[in-house]
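Reader: I am new to this structure and would like to look closely at one part before turning to the rest. Could you take me through it slowly?

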Number of protein chains: 2
Amino acid sequence: MALLMFAVEDNSHPSGLIILGSGAYLPRRRVASTEVDARLGWETGTTQARFGLEARHVAEGEETSSYMAEQAARQALDAAGLQVSDLDLILGACGVMEQAIPSTASLVQHRLGLGRSGIPAYDVNATCLSFIQALDLAEMKIRLGQAKHVLVFSADIASVGLDWNEPDVAAIFGDGAAAIVVSNGGTGLLASRFETYSEGRDACVLAGGGTRITAAIDPEAAAQASYFRMDGKVAFRVASRYLPRFLRRLFDEAGVSKQDVDCVIPHQASGLALAHGLNRHGFDPDKVVQTFADYGNQIATSIPMALHCAITSGQLRRGDLALLIGTSAGISIGGVLVRY
Amino acid sequence: MALLMFAVEDNSHPSGLIILGSGAYLPRRRVASTEVDARLGWETGTTQARFGLEARHVAEGEETSSYMAEQAARQALDAAGLQVSDLDLILGACGVMEQAIPSTASLVQHRLGLGRSGIPAYDVNATCLSFIQALDLAEMKIRLGQAKHVLVFSADIASVGLDWNEPDVAAIFGDGAAAIVVSNGGTGLLASRFETYSEGRDACVLAGGGTRITAAIDPEAAAQASYFRMDGKVAFRVASRYLPRFLRRLFDEAGVSKQDVDCVIPHQASGLALAHGLNRHGFDPDKVVQTFADYGNQIATSIPMALHCAITSGQLRRGDLALLIGTSAGISIGGVLVRY
């Protein structure tokens, strides 16, 4: 270990990232699970009992992706003790962008009053893993001395893509945004790992929004393609097949063991997957941050939202080793180990 | 411990990327500018005379973004002398994705027969600058020893987003795909630089495709929002204001001068911008690669397509210093200096 430290210092770019501040935004309208029951014609309490979901928030009116991201970003900057002008990179890490062109990061740059700043702003798209993918990118920029203060935000409005004829999918998603500011001078990511298994590409699909189906050319197909389709069983099967090996490799790379992890911050895919899955893979349920019951599955926003909640609640403390982990459409698996 | 020491050695002798191979795909249907004239009710020769455009290609049928990208990727792998299984990262760098979820990179991974490989695959979205943004990312992965062989592809189908009531925009865009394979052991990027000025965020917009306007909720708005809108004058004004300073900073960072550049590979925004603009900024027009006349503005595909043409035509030779540069929606300016 001493050898490694020496070599890193010798490399003239001695430091990795440190998470300096976090922020979050929840849409004003909170929808209790009993409202979901009513909408679906289910007996009161069904959504709660079946999915472990008490409520989720739904964006309305001015609450666009970039609006929510701006609120979360300002909170993260405040927590970090930094000004917007201190940033030298803005990374958008949404599950779905606000619009195709330009990037959501450009829109957020404008909302932060940085329209003439030149601070680079662009998006990374890895669906529910966009946040940790962007975190990995921020770490590289900082480690190579190309950035000092990076804003990473996620903002998602799942509610516009829910087909209420598919209640098991429609019932569990929520809207929101979360952001962090990372700076140089930290120990950085102990390890980061991403694996994609496109054999499961059809398990989670939003077929619209791109070049294949457009609303001007085929309005009916585009309307259908604006709903998110998920075959949860296939997604779970593909992810489960590779997750144990993924975790072994991630921990081997970091040189730490599962027992060293103080706080597990997972993608909040569903309440049940959290409770069962992570326990089965050897993580103490008490260490797992859970936001699903209150906010639902917030797509890419789930992980930074859980991170923000862990920081503000004191569940994650300075010096703690955190595991950020999730699966996404693709199917992809991603994880990072970072000391907070 | 042996692993750690190996990693240490690897880190203390960092190498950057080398461009090993390139490939491209042009849709089978070639549309001559006289066809554009006919469609717009213009006198024959108008498109050619006004925009300097002789033809562009239009994707049809099976020629989806991921299909075209696969063809370009296989050609790039062949040119690099590598197998698909040699890859350890696949970066999608389209202007607009094939669909919102999952990433275009996942779809291409599948088409390459890598569905069970685990090779990470995700997208970067910086509109017309996505390719050089992804190249910068590949360079960091290689420099940090986290990847050896990276596929970067762009694929764009501009034709589905053209409003023929806006002839000055509709006339100049073309479809296609291009890809490169980069590997470790090269000298890497001498410099990379990106600046975003969201004061110009409204100059180039594709308002659909995301969370703000969807075809199920508002079909008419979604149809309108599936057309690309451009105010070329505003885009040009914002980009021009910052381009001289951008170029000074990029060349200062690289420690080379404009005269050292052997080959300029620009985004093919328009024929006129190329002819006037780059000459005005001090680059010899003979060194500028031009594909616009034959292929039109291919969005993010323009830069890798021009790179591929420069390599295959012999305009770019081993050891040459290349400048890849462009502007994009955002408004962003991006550039890299790389020795081929």
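Reader: Is A:Thr127 buried or exposed, and how many other C-beta atoms lie within 10 Å?

Author: This is a predicted model, in which local features need pLDDT of at least 70 and side-chain atom pairs count only at pLDDT 80 or more, while totals for chains, interfaces and linings use all residues. Residues are numbered from 1 along each chain as its sequence is written, and chains are lettered from A and ligands numbered from 1 in the order in which they are written.

A:Thr127 is buried, with 29 other C-beta atoms within 10 Å; a residue counts as buried with 20 or more such atoms within 10 Å of its own C-beta, as exposed with 12 or fewer, and as partly exposed in between, the C-beta atoms being placed from the backbone. The residue sits in the loop of chain A between β5 (121-125) and α6 (130-143), where helices (H or I, at least four residues) and strands (E, at least two) are DSSP runs numbered from the N terminus. Although A:Thr127 is not a glycine, its phi is positive, about 50 degrees.

A:Ile299 is also a non-glycine residue with a positive phi, here about 55 degrees. The loop that holds A:Ile299 runs between α11 (292-295) and α12 (302-313) of chain A, and A:Ile299 counts as buried, with 32 C-beta neighbours inside 10 Å.

Other loops of chain A contain cis peptide bonds. One joins A:Ile101 and A:Pro102, with omega about -10 degrees, and A:Pro102 belongs to the loop between β4 (89-92) and α5. Another joins A:Gly330 and A:Ile331, with omega about -15 degrees, and A:Ile331 is placed in the loop between β12 (321-328) and β13 (332-339).

The axes of α4 (residues 65-80) and α5 (residues 104-111) of chain A come within 9 Å and cross at roughly 55 degrees, the axes being lines fitted to C-alpha atoms, for helices over the stretch in contact, with angles from 0 to 180 degrees between N-to-C directions. The two helices are therefore oblique to each other, since angles under 35 degrees count as roughly parallel, over 145 as roughly antiparallel, 65 to 115 as roughly perpendicular and the rest as oblique. On the α4(A) side, A:Ser65, A:Ser66, A:Ala69, A:Glu70 and A:Ala73 meet A:Thr104, A:Leu107, A:Val108 and A:Arg111 of α5(A), contact meaning that C-beta atoms, placed from the backbone, lie within 7 Å.

Chain B and chain A each give 69 residues to their contact. In chain B, α1 (2-12), α5 (104-111), β5 (121-125), α6 (130-143), β8 (189-196), β9 (204-205) and α8 (219-224) each supply at least two residues of the side that touches chain A. Chain B can be laid on chain A with an RMSD of 0.0 Å by a turn of 180 degrees and a shift of 0.0 Å along the axis, the copies being superposed by least squares on the C-alpha atoms of residues with pLDDT of at least 70 in both. The two copies are thus related as by a two-fold rotation axis. Of the residues of chain B, B:Gly209 comes closest to that axis, its C-alpha lying at 1.7 Å.

Notes
Contact = placed C-beta atoms within 7 Å.
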